[in-house]
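Student: I would like to go through this structure with you, from the whole chain down to single residues.

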Amino acid sequence: MSDPAQAFRQARQLQLADRLAARGARTGLSSGLVVSGSLRQVVGLTLVAEGCHAEIGTRCRIEHDDGPGVEAEVVGFSGDKIYLMPASSMINIRPNARVVPLGRQAEVPLGAQVLGRVLDGEGRPIDGKGRIRPERFGRLHAPPLNPLTRAPVDRVLDVGVRAINSVLTLGRGQRVGLFAGSGVGKSSLLGMMTRHTTADVIVVGLIGERGREVRDFVMNTLGEAGMRKAVVVASPADQSPLMRLRAAYLATALAEGFRDEGKNVLLLMDSLTRFAQAQREIGLAIGEPPATRGFPPSVFTKIPQLIERAGNAEPGGGSITGVYTVLVEGDDMQDPVGDTARAILDGHIVLSRDLAELGHYPAIDIEASVSRVARDLQSLQQRQDAVRLRHLYAAYRRNQDMIRLGAYARGSDQQVDDAIAHWPGINRYLRQEADQACRFEHAVEQLAEVVGELPAAA
């Protein structure tokens, strides 16, 4: 059949579907008609189909002769063409394959049955423990809560890390970024938080990481005890960008489900950068123009939409405290993803390569890190102690090269002299073994003891 004849036939199908849908709307009945189409083009990861009726975000099945077919999600359209992104491998897909709209969006399994499980981006278990029979299902793309009805961030979340609890105090419902290059202890710090936090539930999203790290995080970092109150969503780097995006949304939706039950949730997303890169692959594949350093505009829309879903519920309800890791390439903190995240998040924790190379763990640079809600959570005395510690820490770090070389002359600066005299105590205080927890009250007491040995600030 010639192309004009094929186009005419498809147009007639669409007209018939529209008429039946309109008649069903007038009579209160549904036509139930599914208009399938044909696969016309495959370019990279983008599938182009014609003749289909499908909304953005819904699923289609691309049929082939060697199995149930490949599922793909509608990510855009142009005229009579719809653009799809496959959820799995495209092997065995052939030209003019039938494309059948499934007419459904993803559902999220919710309830206590998901605790202790490891899921993929579709919500299917990958831990070999059998099927999940959830109590209920939720929406993958739930709208954020009204910011005017949310409870304020006024309660401390104890994460068991001394430097964070005392100086960078986090609150329930806060969203904070963990900025780190490769190999500076990001995973170790996340592991400390998961093992030592007082949150009721932990939701971990491993987005675009190495497959080996998934097993390592589940078996070693969380362990059997940690998994009892945790659920892990994993989409390694070798999976499609659609699956990486869905894994981030699924982790957020799971956290929302527990928050709606009144629980305090710690959501760890590793990493926000891989989420942005997945959206970049999809955006560029369907023709979006690159804007900032190769990232299309949709990336800078998706990031705040994802982050804003975390936070507190209404007063008396649960909370989602979000920790989103941001990978800084070459330790460049001016990365566009990092800039966007910093503007949306309620603080950022920076890991220093210099500290990591000295064997200082966790390698938190308290001078470059900030919690925007710490002032509302700390007592006056704790805040004063934290500020004094910051001043002395910064004074030593700014002059450490001269101090190590012996070029600094004592007496030149009283604050630097004080920092040198008490640096061993400060250094010991900011270090912590990964398997040791430091509760919030104890961290504050130790801070007062360390600062109490120092001369009062002028």
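This is a predicted model: local features need pLDDT of at least 70, side-chain atom pairs count only at pLDDT 80 or more; totals for chains, interfaces and linings use all residues.

Student: What distance separates the centres of domain 1 and domain 3?

Tutor: The domain assignment gives domain 1 as 37-101, domain 2 as 107-375 and domain 3 as 381-451. Taken over C-alpha atoms, the centres of domain 1 and domain 3 are separated by 59 Å.

Student: Among contacts between residues at least 6 apart in sequence, what share joins residues at least 24 apart?

Tutor: A contact here requires heavy atoms within 4.5 Å. Among the contacts in the protein between residues at least 6 apart, the share joining residues at least 24 apart is 72%.

Student: Is Ser38 buried or exposed?

Tutor: Ser38 is found in strand β1, residues 37-43. Leaving aside residues up to four places away in sequence, Ser38 touches Val48, Ala49, Glu50, Asn96, Ala97 and Val99. The cut-off for buried is under 20% relative accessible area. Ser38 has a relative accessibility of 16%, so the residue counts as buried.

Student: How far apart are the C-alpha atoms of Val35 and Val108?

Tutor: Val35 lies in the loop between α1 (3-27) and β1. Val35 counts as buried because its relative accessibility is 7%. Val35 and Val108 are 73 residues apart along the chain, and their C-alpha atoms are separated by 27 Å.

Student: Which word describes how α3 lies relative to α4?

Tutor: Helix α3 (residues 186-196) and helix α4 (residues 211-227) pack at about 55°, with their axes 9 Å apart. Roughly parallel needs an angle under 35 degrees, and roughly perpendicular needs 65 to 115. The angle therefore makes α3, relative to α4, oblique.

Student: Which residues of α4 are met by α3?

Tutor: By class, this contact has three nonpolar, four polar and one charged residues. From α3 come Leu190, Gly191, Thr194 and Arg195, and what they meet in α4 is Phe217, Asn220, Thr221 and Leu222.

Student: What is the span of helix α6 from its first C-alpha to its last?

Tutor: Helix α6 covers residues 272-285, which is 14 residues. Its buried residues include Leu272, Phe275, Ala276 and Ile282. Just after α6, Gly287 takes a positive phi of about 100°. At 1.5 Å a residue the expected value is 20 Å, and the span of α6 is close to it, at 20 Å.

Student: How many nonpolar residues does the contact of α11 with α13 have?

Tutor: Helix α11 (residues 380-398) and helix α13 (residues 414-430) pack at about 105°, with their axes 8 Å apart. That angle makes α11 roughly perpendicular to α13. The contact includes Leu389, Leu392 and Tyr396 of α11 and Ile420, Trp423 and Ile426 of α13. By class there are two polar residues and one charged, and the nonpolar residues number 12.

Student: What distance separates the C-alpha atoms of Arg388 and Val451?

Tutor: Arg388 has its place in helix α11. With a relative accessible area of 23%, Arg388 is partly exposed. Arg388 and Val451 are 63 residues apart along the chain, while their C-alpha atoms are separated by 7.2 Å.

Technical notes:
Residues are numbered from 1 along each chain as its sequence is written. Side-chain values use heavy atoms; hydrogens and water are left out. Helices (H or I, at least four residues) and strands (E, at least two) are DSSP runs, numbered from the N terminus. The expected span of a helix is 1.5 Å times one less than its number of residues. Buried means under 20% relative accessible area, exposed over 50%, partly exposed in between (1.4 Å probe, protein chains only). Domain bounds come from an automatic or database domain assignment. Axes are lines fitted to C-alpha atoms, for helices over the stretch in contact, and angles run from 0 to 180 degrees between N-to-C directions. Angles under 35 degrees count as roughly parallel, over 145 as roughly antiparallel, 65 to 115 as roughly perpendicular and the rest as oblique. Ala, Val, Leu, Ile, Met, Phe, Trp, Tyr, Cys and Pro count as nonpolar, Asp, Glu, Lys and Arg as charged, and the others, Gly among them, as polar.
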